[in-house]
Amino acid sequence: MSEGTSLIESSENGTDVSQEDTGAMREETHDDDMILSCQTSVNLVPFVGQRFVSQDAAYEFYCSFAKQSGFSIRRHRTRGKDGVGRGVTRRDFTCHRGGYPQTKHLEESGGGSGGGGKMQRNRKSLRCGCQAYMRVVKRADFDVPEWRVTGFSNIHNHELLKSNELSLLPAYCAISPDDKSRICMFAKAGMSVRQMLRLLELEKGVKLGCLPFTEVDVRNLLQSFRNVNRDNDVVDLLGMCKRMKDEDHSFKYEFKIDGNNRLEHIAWSYPSSIQSYEAFGDAVVFDTTHRVEAYDMLLGIWLGIDNHGMISFFSCVLLRDENVQSFSWALKAFRSFTNGKAPQTILTDQNVWLKETIAIEMPETRHAFCIWHIVAKFSDWFSVLLGPCYDEWKAEFIRLFNLEFVEDFEEGWREMVSKYRLHTNKHISSLHALRMFWALPFLRHHFFAGLTSTCQSESINAFIQRFLSAQAQLDRFVERAFDVVASIDKPDMHRKVQKVFLKTGSPIESHAAAVLTPYAFQKLQDELVLAPQYASFPLDEYCFQVRHHTELNGGFKVIFDPCQEHISCSCNQFDFSGFLCRHVLRVLSSSNCFHIPDQYLPIRWRVNAMSSTVHSERIHYLQSMTSELVAESSETEERLEVACEQISSVLSRIKELPRGGHEEENVYSCPSDSLIIPEVEDADGIVHTFTIGTHHHDSIALGKLKERRARDGFELSRKRRHCLEPCCGQFGHDASECPVMGGDHLNGRELGYL
């Protein structure tokens, strides 16, 4: 057994740490027969409580420790108790000599009887039951997963290897990406394998035969290169795009070939993706954190969120290089797909080249950094530095990130830096310098559709993994993208038509339920449920101070002008997410306002968001054709005569077509783009159908009501009458019997005064 080792154990119920002579690990030794862990820097020794951004990062750290200590490691997957449906939640990394060899049996073939087995000649195994290991467990703080070390043992029951023996272990025969690139270049130059190895030895300054890989490894790598015919893949990829363009002219793609006739960049988008962008392209994510390793190309995907809260695909790009020129080409290609329309806001990784390019190519777009990419780096940046204070500091950072006002953020940041003595930390200085790109107090004036939430990171990553699952052929990315887009474009009836349960009985709630998708309605309903907990104090005619009933000071300022139907709140939630906040809803309720003005129910969150976008596009197209028709027809008298004749014929045919549907019984007339949501269930179990127009004075009418269960042997079908007057909105009577309005208001409606 190796000397000078330590044991750190952690049980599942709690952490029980014991150490044996950890000081010996720091002492120097001159024993040539053994490489002890004391030769490793103390910063590389794993410890219980250490954090990693992923299990791969933990593996790389433990692998570095093992290499300096004289052994290699292997993965051993273990699921935690709560791992059902959540994937791997615990991972053990063991010594390469851990465990015991299994005895193999070979079934007898041929004429023997009994079907027994006989012992197979086994190779000699290196496994000897070594107990050295490191265990990491997945935890999720603030919706950001990280892996923590919960167990570590460095006791070996075998001798550790010398430095010149480590290269014989398979784990350390890997070829680095840089060396792969060099070998690929040497192969294109026509060099032999032995010449490649000699040149790499000279470049690295190592002795003959001391490279971390062998001649066999290089030959295997070259064979894998030959299995990937990039030239054919490029031809297939471009050919597929051309075929799709021929089949559907709305399909769009662009590509660039470099001076060596290699594919340098390519981007594409589908017709349905462009339509989705027209409706939901106000806030987008441009993810460039993944690569196609087989071809060493950067994968960039444009994503957004639709009116049902689902990820929406807009476009995809493959880039050979990661620099300003490449990103500039990608942004220009994307804008050409969208007819020059840039998003209002864009979220990216913290990439200096991308930041510079967006400022040039999309100057009107508000650029921000994805907070989940930033938080994911914290375990590497601050875990060891802050030690036991790391969790407390992280919670404070998340609190500052979610603050409402810039002044509170700046004051809290100074206190945090002072409390944890981070004045000279380079990461803290960089975060503060770029705070306008990630801190919510600086972003709340801009619309992000909820994409800044860390809970969106998992769905976005899962979406991107579907693109990365087929890397065998380059043209598979186009097919894969088409399959993914087609699958998310299919209507999900469970998602799009589902029961919406009313909780408050407020007419505002009924109004929103009829217009918004279930996802958007739930967001607004959550605010509506919390609104009664707040008190509203009028400051002047249109200004109110709103604060929680437990607070004596402070609060938020709400501006409400009922004549102009203007609403605003100092929390800026509507600007940020597109949903009215609880403060505004409290003021509306206290002001006896029973509807939400149309401009505060954005089209992008409505049930008919896509159809409204397509309808608007056709109107614009008709207007452009009309302008072109007038310009072309005015050239000659003959053209003008033909145009008038044809337009008269077309107009006559249009007038013969039916207009919008006729009025239903008990349903007031609504514009043609009124919305119908089939099922809205209230607290009494009665299911309603609401019809609502686009103008704020259009009435909400109760349609088909679901028959209730038979009572006492009788079939009972009940329709609850509902007053549709804006100043009433109560149940139990209709507009003709409204006690608030009296009996003359119907005459006013008939005369057109209401």
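In the predicted model described here, helix 12 (residues 406–419) and helix 13 (residues 426–433) pack with their axes 12 Å apart and at an angle of about 175 degrees. Helices are DSSP runs of H or I with at least four residues, strands are runs of E with at least two, and both are numbered from the N terminus. Axes are lines fitted to C-alpha atoms, for helices over the stretch in contact, and angles run from 0 to 180 degrees between N-to-C directions. Helix 12 and helix 13 are therefore roughly antiparallel to each other, a term used for angles over 145 degrees, whereas those under 35 count as roughly parallel, 65 to 115 as roughly perpendicular and the rest as oblique. Glu410, Trp413, Met416 and Val417 of helix 12 make the contact with Ile428, Leu431 and His432 of helix 13, where contact means heavy atoms within 4.5 Å. By class, this contact of helix 12 with helix 13 comprises five nonpolar, one polar and one charged residues; Ala, Val, Leu, Ile, Met, Phe, Trp, Tyr, Cys and Pro count as nonpolar, Asp, Glu, Lys and Arg as charged, and the others, Gly among them, as polar.

Because the model is predicted, local features need pLDDT of at least 70 and side-chain atom pairs count only at pLDDT 80 or more, while totals for chains, interfaces and linings use all residues. Residues are numbered from 1 along each chain as its sequence is written, and side-chain values use heavy atoms, with hydrogens and water left out.

The protein chain contains 23 helices and 23 strands. Of its 754 residues, 43% count as buried, that is, under 20% relative accessible area, with exposed meaning over 50% and partly exposed in between (1.4 Å probe, protein chains only).

An open sheet of mixed pairing is formed by seven strands in the order 9-10-13-12-11-14-15. Its edge strands, strand 9 (252–257) and strand 15 (366–369), each pair on one side only; two strands pair if DSSP finds at least two bridges between them. On average, neighbouring strands of this sheet are turned by 20 degrees against each other, direction ignored. Strand 14 and strand 15 run parallel and are joined by four bridges.

Threonine 345 belongs to strand 14 (residues 345–348), and its bridge partner in strand 15 is arginine 366. With a relative accessible area of 1%, threonine 345 is buried. Its side chain reaches the backbone oxygen of phenylalanine 447 at 2.7 Å. Leaving aside residues up to four places away in sequence, threonine 345 touches several residues, including Asp282, Val284, Thr365 and His446.

Helix 6 lies across strands 10 (263–269), 11 (283–292), 12 (297–305) and 13 (311–319), and runs at about 120 degrees to strand 13. Proline 271 is found in helix 6 (residues 271–280) and is partly exposed, at a relative accessible area of 22%. The C-alpha atoms of proline 271 and aspartate 248 are separated by 8.3 Å, although the two residues are 23 apart along the chain.

Strand 19 (residues 556–561) runs antiparallel to strand 20, to which four bridges join it. Phenylalanine 560 stands opposite isoleucine 567 in strand 20. Four residues lie between the strands of this hairpin, in which glutamate 565 takes a positive phi near 55 degrees.

Notes:
A polar contact is a pair of N or O atoms within 3.5 Å; within protein, one must be able to donate a hydrogen and the other to accept it, and residues adjacent in sequence count only if both atoms are side-chain atoms.
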